[in-house]
Amino acid sequence: MRKVSLVAMVACGSAWLCTVSGQEGPGLGVPATAEQVAGWDVSIGPDGAGLPPGSGTAAAGKTVYEAKCVACHGVDGAGRPNDQLVGGQGTLRDAAPIRTIGSYWPYATTLFDYMRRAMPYVTPHSLTADETYALTAYLLALNGVIEQSTVLNATTLPQVVMPNRGNFDSAYREPRRR
Amino acid sequence: MRKNVGLDSLERVAGNGLLHRRLFLRQGAALLGAAGATVLTARSAQAAPPDLPAWMQAPGAPMSGYGNRATYESGVQRLVNAQPGTTGSGGSRTPIESLEGIITPSSLHFERHHSGVPDIDPDQHQVLLHGLVERPLLFSMNALARYPLVSRIQFLECSGNSGGNNGAEPPQQTAGGIHGLVSCSDWTGVPLAILLEEAGVKPEGKWLLAEGADAAGMSRSVPMAKAMDDAVLALYQNGERLRPEQGYPVRLFLPGYEGNMNVKWLRRIKVTAEPTMTKDETSKYSDLQPNGRALLFTFPMDVKSVITSPSGMQKMQGPGLYQISGIAWSGFGRIRRVEVSADGGKSWGPAALDGPVLPKALVRFRMPWRWDGSPSVLQSRAIDEAGNVQPARTALLTERGTQFRYHYHAIQSWGVAAAGEVSNVYA
């Protein structure tokens, strides 16, 4: 299907060797303190490392959602004017599949990571950790992924298995080194 | 020496009037002089000699500190399409049908933003490099500018480009409206490998997370092999500092990889053992297949071409000699060959490629065509140095279904009606 040029691979190999071992920079990077790194590092991977203290439930999330999210994502995550967040399970083989958190997203941690950095659209970085956990719980409960009563926190969130998790494959292959 | 010959005896290379690419090279001046009047954007000359035009009767405008294009060209604009309820989320497309050569003017480079264009003070902006490294480091913009720089002419394409063509009906838009999420610039920046080496990547560091300083904190995971190969932190675009909408003061540039990964307004690089699985690389830029399974990390942009003249929504100006012109590119390296058909793919002839043909860059192709005024279907097909061949639309949809959103790269067909209207057709 997609072929990789042998010429390009050889060139990549030599460029790797020559940049990594050969080219020297002026060494102007300033050591970052642990405090600085902790302040900047907001990303959360599937293992949940870095999730902050705090917790939330679907009931608390519903209150936050209706105050800060419903205008763009509709009542109960039904969508419009922006992304539909709920439903669509069983549609991924259809001609018009509906990709939502419940039908498509492979990792629950992504919800926390994304909402904390980018939502609400007009006031990003305004949600507290508790609000973010609560919203995550609300959206997962609406999609039937967790129970209404489930408390999400740094321990329980990475344990949530998304329904479509097993239907993703990586197309990326490591290049062979010379 | 080649004798001047009439149009009828010119060497035909494929059906329905496609002529040898040598035509414009060897006889270009004379024939183009005659054919030039048929160029689609030609204007009629109102002030013919001996009238003296106004601009010859008084001195012109003064010098200026920063130039602008001719006011008469102000109609050449990006096509802006914002998401509902926002002004800064969405995209704008390059009007490729109005451009020539391979360099996209910075002002017309396509845009794709997830929460608008931030106004970043470069003196307050730093890039943090941390994670699985020996030494977490902060780089100021002044520091980055002192590192060894490399310049390369390379394309950038949003993987959602051309996606409208997998709909049931062909969208009736311009070439830019359909395929304008691709641009090509001279990018200058610091090889990321140098910075990673300075920080000291630990052996388990196989990926990195790149994060922007926009209000969406746009973030994507990048394989370490790509970061060490040809990735740069770009500071300059077409010779000047990046435009704000292209990531000022610094963006990640990953030659040949889908546009979304080339994180603008770069603020943080975290070396990780595994992909972070961000919203954009899981819920958005993944490829749902007909069997319901989805592919993550389809990074390189496939081999592709499109004829930009004549193209959708344009109108031919009567039978005669035209130059077919278009762009081709591949995320896998150089374009080796572009073929053009004027009979809906029944026969193909090789187009001329304007040099230099650079890896992971746009290349301009040209082909002389004598249109006899009959309904015709124009197509172009690119082949790259890895041997990838741009597929027909039916072949692509057979392989990938109709529900995918990204990496559509099938052959574009332009229908030319007898009256001269050019439209998007599925052929």
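Me: How many helices and strands are there in chain B?

Reply: Chain B of this predicted model contains eight helices and 26 strands.

Me: And what box do the C-alpha atoms of chain B fill?

Reply: Taken along the principal axes, the box is roughly 70 × 65 × 50 Å.

Me: What is the radius of gyration of chain B, and what would a compact globule have?

Reply: The radius of gyration of chain B is 23 Å. A compact globule with 427 residues would have a value near 22 Å, so the two agree.

Me: What is the order of strands in the open sheet that has β1(A) in it?

Reply: The open sheet has six strands in the order β1(A)-β7(B)-β6(B)-β15(B)-β10(B)-β11(B), and the pairing is mixed.

Me: Which strands stand at the edges?

Reply: The edges are β1 of chain A and β11 (219-223) of chain B. Each has a single partner strand, so one side of each is left without a neighbour in the sheet.

Me: How many bridges are there between β10(B) and β15(B)?

Reply: Six bridges pair strand β10 (residues 207-212) of chain B with strand β15 (residues 266-272) of chain B, in the antiparallel sense. B:Glu211, for instance, has B:Arg268 in β15(B) as its bridge partner.

Me: Switching to another part of chain B: how many bridges join β24 to β25?

Reply: Strand β24 (residues 376-384) and strand β25 (residues 413-416) of chain B run antiparallel and are joined by four bridges. B:Leu378 has B:Trp414 in β25(B) as its bridge partner.

Me: What stands opposite B:Trp414 in β26(B)?

Reply: B:Asn424 does. Strand β26 (residues 422-425) of chain B runs antiparallel to β25(B), with four bridges joining them. The two strands form a hairpin with five residues between them, and B:Gly420 in the turn has a positive phi of about 105°.

Me: Back to chain A and its helices. At what angle do α5(A) and α6(A) cross?

Reply: The axes of α5(A) and helix α6 (residues 129-142) of chain A cross at roughly 130° and come within 9 Å. That angle makes α5(A) oblique to α6(A). The crossing is right-handed.

Me: Which residues make that contact?

Reply: From α5(A) they are A:Leu111, A:Phe112, A:Met115 and A:Arg116, and from α6(A) they are A:Thr132, A:Leu135, A:Thr136 and A:Leu139. By class, the contact of α5(A) with α6(A) has five nonpolar, two polar and one charged residues.

Me: And α3(A), how does it cross α6(A)?

Reply: The axes of helix α3 (residues 58-68) of chain A and α6(A) come within 7 Å and cross at roughly 100°. The two helices are therefore roughly perpendicular to each other. Among the residues that meet are A:Val64 and A:Tyr65 in α3(A) and A:Leu135 and A:Tyr138 in α6(A). The contact of α3(A) with α6(A) divides into nine nonpolar, one polar and two charged residues.

Me: Last topic, the backbone. Where are the cis peptide bonds at A:Pro120 and B:Pro310 found?

Reply: Most peptide bonds are trans. A cis bond joins A:Met119 and A:Pro120, with omega about -10°, and A:Pro120 lies in the loop between α5 and α6 of chain A. Another cis bond joins B:Ser309 and B:Pro310, with omega about -5°. B:Pro310 is in the loop between β18 (304-309) and β19 (320-329) of chain B.

Me: What is the phi of A:Asp76?

Reply: Phi of A:Asp76 is near 55°, a positive value in a residue other than glycine. A:Asp76 is in the loop between α4 (70-73) and α5 of chain A.

Conventions: Residues numbered from 1 in each chain as written. Chains lettered and ligands numbered in written order. Predicted model: local features only at pLDDT ≥ 70, side-chain atom pairs only at ≥ 80, totals over all residues. Axes fitted to C-alpha atoms, helices over the stretch in contact; angles between N-to-C directions. Parallel < 35°, antiparallel > 145°, perpendicular 65-115°, else oblique. Left-handed = near helix turned anticlockwise from the far one by under 90°. Contact = placed C-beta atoms within 7 Å. Nonpolar A, V, L, I, M, F, W, Y, C, P; charged D, E, K, R; others polar. Pairing = 2+ DSSP bridges. Rg over C-alpha atoms; globule rule 2.2 N^0.38 Å.
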